Amino acid sequence: METFFCHFRRTLLASPARAAGVLLAVLFLAFPPGVSPAPQEQETFVVYYGCSGQWEVATPLTAREKSAAKTTIVSAAGITWNLTYLDAANTGWNDTTRGPRRKQVLQAVLLNLSAMLDHPGGRCDVELRVSEFDGSGVLASGGTLYRTSASAPNGYQPGLAFQNITTAVDIAPTLPDIRLRVDWGWRWHEEFSAPPDDVQDLYSVLLHEMAHALGYNSLAESNGSSKFEVGSGKKIFTTYDNLLFERATGRKLWDANLNFQGSNLAGGANFIELRSQRAHNVYPGRTFPPVHTPTTFSDGRSLSHWQTAETPLEAIMRFTTPGGELRRGFSPFERAVLEELGYRLKPDPTFWMMY
Ligand SMILES: [Zn+2]
């Protein structure tokens, strides 16, 4: 394809008159009289952030952002992570004093994921968005991109991170697959040692946000519609959503036409569960893991985490992070959910807890 393009350009340069003839011939062959070229559809992708519940239409980096960005490649055990840091010089990830260690912690998290996921040749572009420093709201947020273009069918999407890691086919090469944002205004433990009480362990929080981006994410609005339905008219949910059921009634949350058929999404403890037989087999008490359904629906929080009180303390997708907690690896049932979402996992669990 590229060879043809280069050859064609050389032909054009050689003789303008001949070039015009060639061009007309090519156009005639491609679009005979009476057939107009179909307009190129504008592809649209939306990033949805776990924890914070924010979402934004993804656009390629501007020339200024591109020239300012620092990029790092982390490649080991089969997956290539391409990291783009958008912070200005000497702030956040690029802080002169603390930045290098912060980046080391992130890279260790990604190597941990590479060691767990059995996807040789997988690629994933991670954009570290401009950091926050106000110490309010969520500690950090992370998410992947979903296709909301006019031609995108309604249905359950895995997100671009899953697609690129498992197939290495990038359907949106000018866009990242994951966006992460950290608020450095909180008290962070940016080391590999255990954190002191009341200090947030950066490794644990980054792993949690990456898990959202890998697929631990719901796109359900409080009334059961898709978060994107108002803007795009699309009923787009996640493969994770496709596993959610009401515990008492056994009803799947969405019917075959993606209409909500649950009672509500704020039913309190153990109201909704994630029905994965693999997870059930290793979940304490042999039940399906219950998802977080606080009595008031909370964007980014409801459904995308485990029910706090009932879930094993070491689970990384519990919502609360009171600080001083070390959760640097997926629980067995959380690994099972990753498999349910479509990932292949390597067999050696000892390596996943290397830090
Ligand atoms: Zn979260």
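Predicted model: local features only at pLDDT ≥ 70, side-chain atom pairs only at ≥ 80, totals over all residues.
Leu-243 counts as buried because 21 other C-beta atoms lie within 10 Å, the threshold being 20 or more.

Not counting residues up to four places away in sequence, Leu-243 touches Leu-274, Arg-275, Ser-276 and Glu-340. Glu-273 is 30 residues from Leu-243 in sequence, and the C-alpha atoms of the two are 8.2 Å apart.

## Confidence along the chain

The mean pLDDT of the chain is 86, and 86% of the residues score at least 70.

Over residues 1–35, pLDDT stays under 50. For this stretch the model has five contacts beyond four places in sequence.

## The seven-stranded sheet

Seven strands form an open sheet in the order β2-β1-β6-β8-β5-β4-β3, and their pairing is mixed. The edges are β2 (55–57) and β3 (70–76), each of which pairs on one side only. From one strand to the next, the twist averages 20°.

Strands β5 and β8 run parallel and are joined by three bridges. Glu-127 has Arg-179, in β8, as its bridge partner. Helix α4 (residues 99–116) packs on the sheet, where α4 touches β3 and β4; the direction of α4 makes about 35° with that of β3. Helix α5 also packs on the sheet, in this case touching β4, β5, β6 and β8, and its direction makes about 145° with that of β5.

## Helix α4

The end C-alpha atoms of α4 are 26 Å apart, which agrees with the 26 Å that its 18 residues should span at 1.5 Å a residue.

The buried residues of α4 are Arg-102, Lys-103, Val-105, Leu-106, Val-109, Leu-110, Asn-112, Leu-113, Ser-114 and Met-116. Residues three or four places apart in an α-helix point the same way, because there are 3.6 residues a turn. The cover over the buried residues of α4 includes β3, β4 and α6.

## Helix α5

Six of the eight residues of α5 (residues 160–167) are buried, so that the helix is mostly covered. The buried residues are Leu-160, Ala-161, Phe-162, Gln-163, Asn-164 and Ile-165. They pack against β4 (79–85), β5 (122–128), β6 (140–147) and β8, and also against helices α6 and α9 (332–341).

Ala-168 follows α5 and has a positive phi, near 60°.

## The largest nonpolar core

The largest nonpolar core has 78 residues. Those that touch the most other members are Val-46, Val-109, Ala-140, Ala-161, Leu-206, Met-210 and Leu-214. Helix α6 (residues 202–214) gives the most to this core, with nine residues.

Which residues are in contact with Val-109, leaving aside its neighbours within four places in sequence? They are Tyr-203, Leu-206, Leu-207 and Met-210. Val-109 is also among the buried residues of α4, and Ala-161 is one of the buried residues of α5.

Terms used: Residues numbered from 1 in each chain as written. Core = buried A, V, L, I, M, F, W, Y, C linked by C-beta atoms within 7 Å. Buried ≥ 20, exposed ≤ 12 C-beta atoms within 10 Å, placed from the backbone. Helix = DSSP H or I, 4+ residues; strand = E, 2+ residues; numbered from the N terminus. Contact = placed C-beta atoms within 7 Å. pLDDT = per-residue confidence, 0-100. Pairing = 2+ DSSP bridges. Axes fitted to C-alpha atoms, helices over the stretch in contact; angles between N-to-C directions. Expected span 1.5 Å × (residues − 1).
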